Structures are given as C-alpha cells and as structure tokens.
Amino acid sequence: MTTMTEANIRLGAILAEAETRQSSLSAAQLQSSGLAPDSIEAGLAAQAIAAAAIGKEIGGWKIGMNNGRAVAAPLLDVFDSAGAAAFDVPKPGAVAIEIEICFVLSDDIPAPATGKEYSDQDVLSHVASIHFGAELCSYRLVEEGKAPFPLHVADRMGNHSFVLGPQIDQGILERMTNQDATLPALVLEGEDGVMFAAEPKHPQSDPLAPLLAYANAPLDHLGGLKRGQVVTTGSLCGLVRLSGQTAVKAVWGDIAEISVRLPA
C-alpha cells in the first residue's frame with residue numbers, strides 16, 4: 001500500500017473541496033503542480049484523503065477493470081429507491097447516468113488467506129441480494145473520464161451517487177455472461193424521448209467478475225468490502241449524458257425498472 005505523501009494529501013483535500021463547491025479542476029494544472037498521482041496506488045491514497053475530508057460513510061464500491069486489474073472507488077452517496085415509482089435524488093450536479101447490476105453484501109469479504117483465492121460461489125455466499133441500479137456520474141476534473149487513469153481513480157472514477165433499485169434474480173448473471181439473445185432490450189427514456197435502447201452488455205460480460213477479482217486482490221485505504229455495502233461493477237448501457245434532463249426511466253423488459261428525478 002502506498003504511503004501517504006504530501007502530494008496525495010493535498011490532492012485529496014483539493015478534490016474534496018471541489019466536491020463541496022461543485023467545481024472542476026484541470027488535470028493539466030494538477031500535473032504541472034506536481035499533484036497528479038503517478039500510479040493507481042497514489043490515486044487510491046488521494047481518493048481516501050478526499051473521502052475522509054468529505055466525511056460521509058462508505059456506502060459501497062464502484063469496481064472497474066484496468067488492464068486486467070480490479071480497481072475500486074467508494075460510493076459516498078447511496079440511496080435506496082425502496083420501490084418508489086420515481087426516486088428523487090437529493091444531491092445536485094449529476095451529468096450522466098449508467099444503468100447497472102449491483103450486489104448488496106450480507107457479510108464482510110476479507111482478503112483471502114495467503115495462497116488462496118475466492119471462487120464465484122465463495123463471493124456469492126457473501127451476497128445478500130442482487131439488484132438493478134442507477135449510477136449517477138459527475139466529475140471534479142475538467143477532462144472527466146479522459147483524465148489520466150490514476151487521477152480518475154483519485155476522483156472516485158466519476159461517481160456522483162448510486163440509486164439502489166429492485167432486486168433481480170441471480171439467474172440474470174448467467175444469462176448476461178452467456179450473452180443470452182433472449183434478454184430484452186434496455187430502454188432509457190428522458191423528458192425529451194429515448195436516450196438509449198439496445199441490448200444491455202456488461203464490460204466483462206459477467207457482472208460478478210470485477211467483484212470476484214477485487215475480492216481476491218483488494219487495495220484501498222477505506223476498510224474494504226463490508227456488510228451492507230452496495231457493490232456495482234459496470235454499466236449495461238455505457239455512459240449516457242443527461243444533457244439537462246432531470247427525469248430518467250430505465251426499463252429492462254419484464255426484468256426490472258427504475259426511475260429517478262434529479263434536481264433542476
């Protein structure tokens with residue numbers, strides 16, 4: 001684990017302030033000031049400083065894959081839609097949405113014993129339920145997701161918040177992994193019409209794969225995978241820009257649907 005450096009601490013504080021003010025920083029300026037992290041480990045260190053400065057409980061994790069390595073960012077604002085016809089997101093500033101499959105943990109998942117690895121079933125034994133959900137995205141960086149990856153990691157990989165939707169059947173995981181042609185299309189609609197309508201695809205095909213990879217090689221400064229946390233692992237529709245729209249409904253055939261309303 002990377003030792004906290006003065007640059008990591010300063011970057012974390014700057015990112016936390018940008019979150020509070022809903023302002024944006026330039027990656028180029030951070031690089032010229034010597035504050036841009038030069039590794040994923042340094043990005044994680046700054047990420048943890050920022051999360052601590054913001055002062056919110058870790059509600060879960062966003063896990064992505066980078067060159068075969070699982071990398072996580074904390075979800076600081078997790079909202080449970082609890083069956084609401086349309087959930088009112090209380091936090092302003094979202095610029096995009098991703099519809100995802102996520103997992104609610106029934107137990108902590110500690111790092112595996114030396115020389116051991118978790119299997120799919122091992123990880124699933126720590127999962128209380130599987131859900132449809134909506135990740136809302138925002139950035140503290142002008143370059144957004146095009147910033148150098150360690151800096152993107154420091155910026156919580158663009159997470160704004162996460163809305164937990166209805167529970168779905170575990171069998172959906174296998175159908176996604178096998179790219180089942182009978183799965184219905186995923187349709188996102190906003191006030192101005194259809195925003196996305198296509199076959200849903202996960203970046204790794206298997207939504208469980210990033211969680212399994214991270215459980216086997218966890219790396220963070222914030223306590224790891226804990227009971228009750230939500231873990232989301234990748235968009236089924238890519239990044240869909242909101243473009244000023246404040247109401248989005250996502251329908252996945254007869255499998256699940258979720259609606260969110262955003263502050264104007």
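This is a predicted model: local features need pLDDT of at least 70, side-chain atom pairs count only at pLDDT 80 or more; totals for chains, interfaces and linings use all residues.
**View 1. The largest cavity and the residues that line it.**
The largest cavity has a volume of about 40 Å³. Its lining is made up of Leu-15, Ala-16, Glu-19, Ala-50, Ile-54, Arg-140, Ala-154, Asp-155 and Arg-156, and the elements that contribute two or more residues to this lining are H1 and H3. H1 gives the most, with three residues. Sorted by class, the lining of the largest cavity has five nonpolar and four charged residues, and no polar ones.

**View 2. Helix H1, with its buried and exposed residues.**
Helix H1 runs over residues 6-21, and its 16 residues should span 22 Å at 1.5 Å a residue, which agrees with the 23 Å that separates its end C-alpha atoms. Within H1, the buried residues are Asn-8, Leu-11, Gly-12, Leu-15, Ala-16, Ala-18 and Glu-19. These residues cover an arc of only 160° around the axis, and so they are placed on the same side of H1. An α-helix has 3.6 residues a turn, so residues three or four places apart point the same way. On the other side of H1, Glu-6, Thr-20 and Arg-21 are exposed. What covers the buried residues of H1 includes three other helices, namely H2 (27-32), H3 (40-54) and H5 (149-154). After H1 comes Gln-22, which has a positive phi, near 55°.

**View 3. Helix H3 and the elements packed against it.**
Helix H3 has 15 residues, and the distance from its first C-alpha to its last is 21 Å, close to the 21 Å expected at 1.5 Å a residue. Eleven of the 15 residues of H3 are buried, and H3 is therefore largely enclosed by the rest of the structure. The buried residues of H3 are Ile-40, Ala-42, Gly-43, Leu-44, Ala-45, Ala-46, Gln-47, Ala-48, Ala-50, Ala-51 and Ile-54. They pack against H1 and H5, and also against the strands E1 and E2 (69-75). H3 is followed by Gly-55, where phi is again positive, near 85°.

**View 4. The largest pocket and the elements that supply its lining.**
About 420 Å³ of space lies in the largest pocket. Of the 21 residues that line this pocket, Lys-62, Gly-64, Glu-98, His-152 and Met-157 lie nearest its centre. At least two residues of the lining come from each of strand E1 (60-66), strand E5 (96-105), strand E6 (127-137), helix H5 and strand E10 (230-235), and E1 gives the most, with four residues. The lining of the largest pocket has eight nonpolar and eight polar residues, together with five charged ones.

**View 5. The second largest pocket, to which H1 gives the most lining residues.**
The second largest pocket has a volume of about 300 Å³. Its lining consists of 19 residues, of which Ala-18, Glu-19, Gln-22, Ser-138 and Arg-140 lie nearest its centre. H1 gives the most to this lining, with three residues. By class, the residues that line the second largest pocket divide into seven nonpolar, seven polar and five charged.

**View 6. Leu-236, in the loop between E10 and E11.**
Leu-236 lies in the loop that runs between strand E10 and strand E11 (240-241). With a relative accessible area of 2%, Leu-236 is buried, because a residue counts as buried when that value is under 20%. Although Leu-236 and Pro-200 are 36 residues apart in sequence, their C-alpha atoms are 4.8 Å apart in space. Leaving aside neighbours within four places in sequence, the contacts of Leu-236 are Ile-99, Glu-100, Ile-101, Met-176, Leu-186, Phe-196, Pro-200, Lys-201, His-202 and Trp-252.

**View 7. Ser-259 in strand E13.**
The place of Ser-259 is in strand E13, which covers residues 256-261. Ser-259 counts as buried, at 12% relative accessibility. When its neighbours within four places in sequence are left aside, Ser-259 is in contact with Ala-85, Ala-86 and Phe-87, and also with Val-248 and Lys-249.

How values were computed:
Residues are numbered from 1 along each chain as its sequence is written. Side-chain values use heavy atoms; hydrogens and water are left out. The expected span of a helix is 1.5 Å times one less than its number of residues. Buried means under 20% relative accessible area, exposed over 50%, partly exposed in between (1.4 Å probe, protein chains only). The arc is that of the directions from the helix axis to the C-beta atoms. Contact means heavy atoms within 4.5 Å. On a 1 Å grid over the protein atoms alone, a cavity is a set of points where a 1.4 Å probe fits but cannot get out, and a pocket is an open set with protein on both sides within 12 Å along at least five of seven lines; lining residues have an atom within 4 Å of a point. Grid points are joined across faces, edges and corners, and a volume is the space filled by probe spheres set on the points. Ala, Val, Leu, Ile, Met, Phe, Trp, Tyr, Cys and Pro count as nonpolar, Asp, Glu, Lys and Arg as charged, and the others, Gly among them, as polar.
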